[in-house]
Each structure stands twice: as C-alpha cells, then as structure tokens.
Protein chains: 2
Amino acid sequence: MVDEIVLLLPVLGRELGRPVPLELEASVKAGAPAHAFPSDAHVSPGHIQVLIALAKGPCSVGHIAHTLGVSRPAATQLVDRLSEHGMIERRHDPEDRRVVLVDYAPGMHEVARRIMGVRRTQLNAALDTLTDEEAVAFYKGLKEITAALGRVPGEEN
Amino acid sequence: MVDEIVLLLPVLGRELGRPVPLELEASVKAGAPAHAFPSDAHVSPGHIQVLIALAKGPCSVGHIAHTLGVSRPAATQLVDRLSEHGMIERRHDPEDRRVVLVDYAPGMHEVARRIMGVRRTQLNAALDTLTDEEAVAFYKGLKEITAALGRVPGEEN
DNA sequence: TCGGCTTCGTTAAGCGACTTATTTAACCGC
DNA sequence: GCGGTTAAATAAGTCGCTTAACGAAGCCGA
C-alpha cells in the first residue's frame, strides 16, 4: 500500500497544480466587478491558498510565504497577481513599516469565499464518500505526511 | 477542516515536488555503477513514480503517462532521463512495433528498489503515527480526492 | 492493394511556478 | 550616527509540465 501511496501522491500534486477548472472564472466574474478579472484571469492553487490564509485576517507577505511553504519571492509574486486583479490590497504595517500587510480589497471578501468554494466543493464531493472517522483520519494523515516531507505550516523553526 | 485541507494539499504538493533529499543521490550512487549517475543526477518524484510503475513489469510509455496522470510527451521525457542514466531501457514491442516497452536495465532492479526506499521511508515514518485503520482511511481518501480532482465535476468536454 | 483514419511515441516551442542571489528600505542595539 | 539584521521586492534562471505538429506503424473499407 505504501508504494501505491507514493505512486498516487504526485498524481494528486499535479492534478492540484492544474489551473482551477474554467467554470471558476465565470462563476467568479459573475459576482465580481468587471475590472477585477480581465480576460486572461486564471487562478492557481497558490492564489486560493492565499485567499484562505487571509480569511483569518490580514497578514504579512512573510507569513503567507511561511504558511504556504514557499519562498518570500514566490509569495510576493502571488500577492502581485491577486492585487493586479483587485482581489487584495497591500498596506504598510504602521508598527513596522518594513512589513507589508495583505488583506482583501473592499467588497472582495464575498468573491474570495466563492473562489474558495470551488475547491471546497470538489473536496467535499470526495470527502462525502468517506465516513466522518475516515475523513478525520485522512486529515490526520495529511498533516503527518506533510510534516514528514517538510515543515508543517504552523510550526516555528 | 475542509479549508485546512485545501490549504494543506498544495503545501504537500510542493514539498513532494522538491528534488528528493540530496542524501538520495549518494545512497543511490553507492550501490550503482559509476556511469549510472553522473555528477548532475537528480531524481524527481516523476522518476520515482516511473520506477514504481515498472516494478510490476515492463510497460509502454503511454501506460506510464496514464498511470502518472501526465501527457505522453512528459512521460517520454521522464523515460529519456532515466534511460540516459542507464536506469531503464527501451525496446520495441514485437507484437505492435509502434509501442515502446520500458523496463529496468539489467541489474538496476536493486538500485530502483533503493531509490523507492527513500520515499517509502519518509512515508512510513508518517504512517507509523497512524493506526492501521487510519492509514487505510488515508489511502482511501487519497484515492477519492485524486479522482475528484481528475475531472471537472458535472462538466464534460 | 491501396487510400484514409487512428494510435504510439517523439520533437519543438512555450509557459507557469518555483528557486537563489541581490537590492532597497526599515528597525534595533551600541 | 554606525553596523547588523530582517522584510519585501527585483532579477535571472531552472524545471516540469503543456499543446501542437510530425513520422511511423497498425487497422480497415472499397
């Protein structure tokens, strides 16, 4: 079974990396200001992660990078794209002006929720085939494996 | 919890995508002919997947692509690299000469097992913290989610 | 037996998400 | 003030994947 998992994990990783199903764009545009998503908009998993991370309130670029397990430049890039599309805004932390605080742009909270909803729907469809215990076990295993392969988001180093 | 999973999955994907810990190269070289892994060798998750897929016997490039969930050119590329390093060999299927059958190169079966062992070790460390039921549930959830992401829910192109 | 369709693998071109190395700006202890 | 440190941004490059297009081989109806 272990081999099966090793074989399956990268498959999941690749599926996950694919641009989120096209219907998403339409669904988002429907509820967003026209300028927010120009013709070429497409949302990557990283962008969704940023939006989820922001759901708990504004946070710094560095914190985003740490949460997502990527380098700071990568986080900067994600924030760049999202802010180009008007989804989020940067502002300086008044207490430490080196820090750039990232937060939803006004009115975008709702749109963000819808974007996250797409992935959540997919995931729920899969989780529904599992019992509650299995779902919890899956989550537990996911955390363990992520930790085993690298660092876990919440953990300090 | 669903959001947590959505947040965690891409992290896992990225960790998974990182070049396998460097110790691997050394460990592999130790048991492999010198020419097999020249100075710049590095093994990606895709390569490991190919080696695992071959454990069940020779198979075609197309089959590898399907198993890994990638395009055929991508599979070709993976096979290219592995065969450059002498890990695997191509030969034509006598029954259908369009088909290219891929298999371990002579004596490489053992080396392949060692390479796979690295990932397996990491994974086992994580799975050991789970009960048997949880491990099975994780595997089940993994399959379900991979399947769920594989096709767009409710949309056929 | 010949054209036309399909399938397999490869080649070519390009893209997107990441990395490291470097730069700029702001905080801090002395 | 002056070094040292840290946050974010910029620059350059890498890697794994994609689509498009191609040659070769099998399949098949006329």
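In the surface near DNA strand C, where a residue counts as near if one of its heavy atoms lies within 4 Å of the strand, at least two residues each are supplied by α5 (72-84) and β3 (96-104) of chain A and by α4 (61-68) and α5 (72-84) of chain B; helices (H or I, at least four residues) and strands (E, at least two) are DSSP runs numbered from the N terminus. The structure is a predicted model, in which local features need pLDDT of at least 70 and side-chain atom pairs count only at pLDDT 80 or more, whereas totals for chains, interfaces and linings use all residues. Residues are numbered from 1 along each chain as its sequence is written, chains are lettered from A and ligands numbered from 1 in the order in which they are written, and side-chain values use heavy atoms, with hydrogens and water left out.

The most is given to the surface near DNA strand C by α5(A), with 4 residues.

Between the two protein chains, 56 residues of chain B are in contact (heavy atoms within 4.5 Å) with 57 residues of chain A. The buried area, defined as the accessible area (1.4 Å probe) that two parts lose on being put together, summed over both, is about 5,900 Å² for chain B and chain A, with carbon and sulfur atoms giving 76% of it. The count of salt bridges (a side-chain nitrogen of Lys or Arg within 4 Å of a carboxyl oxygen of Asp or Glu) between these chains is 6, and among them is the pairing of Arg120(B) with Asp3(A), whose closest N and O atoms are 3.2 Å apart. On the side of chain B that touches chain A, at least two residues each come from α1 (2-17), α3 (45-54), α4, α6 (109-127) and α7 (132-150) of chain B, the largest share, 16 residues, being that of α7(B). The residues of this side divide into 31 nonpolar, 12 polar and 13 charged.

Chain A comprises 7 helices and 3 strands, which follow the pattern α-α-α-β-α-α-β-β-α-α along the sequence. Of its 157 residues, 48% count as buried, that is, under 20% relative accessible area, with exposed meaning over 50% and partly exposed in between (1.4 Å probe, protein chains only). Arg90(A), in strand β2 (residues 88-93) of chain A, is partly exposed, with a relative accessible area of 36%. Not counting residues up to four places away in sequence, Arg90(A) touches Thr76(A), Val79(A), Asp80(A), Ser83(A), Val100(A) and Leu101(A), and its C-alpha atom is separated by 6.7 Å from that of Asp103(A), 13 residues apart along the chain.

Methods. Ala, Val, Leu, Ile, Met, Phe, Trp, Tyr, Cys and Pro count as nonpolar, Asp, Glu, Lys and Arg as charged, and the others, Gly among them, as polar.
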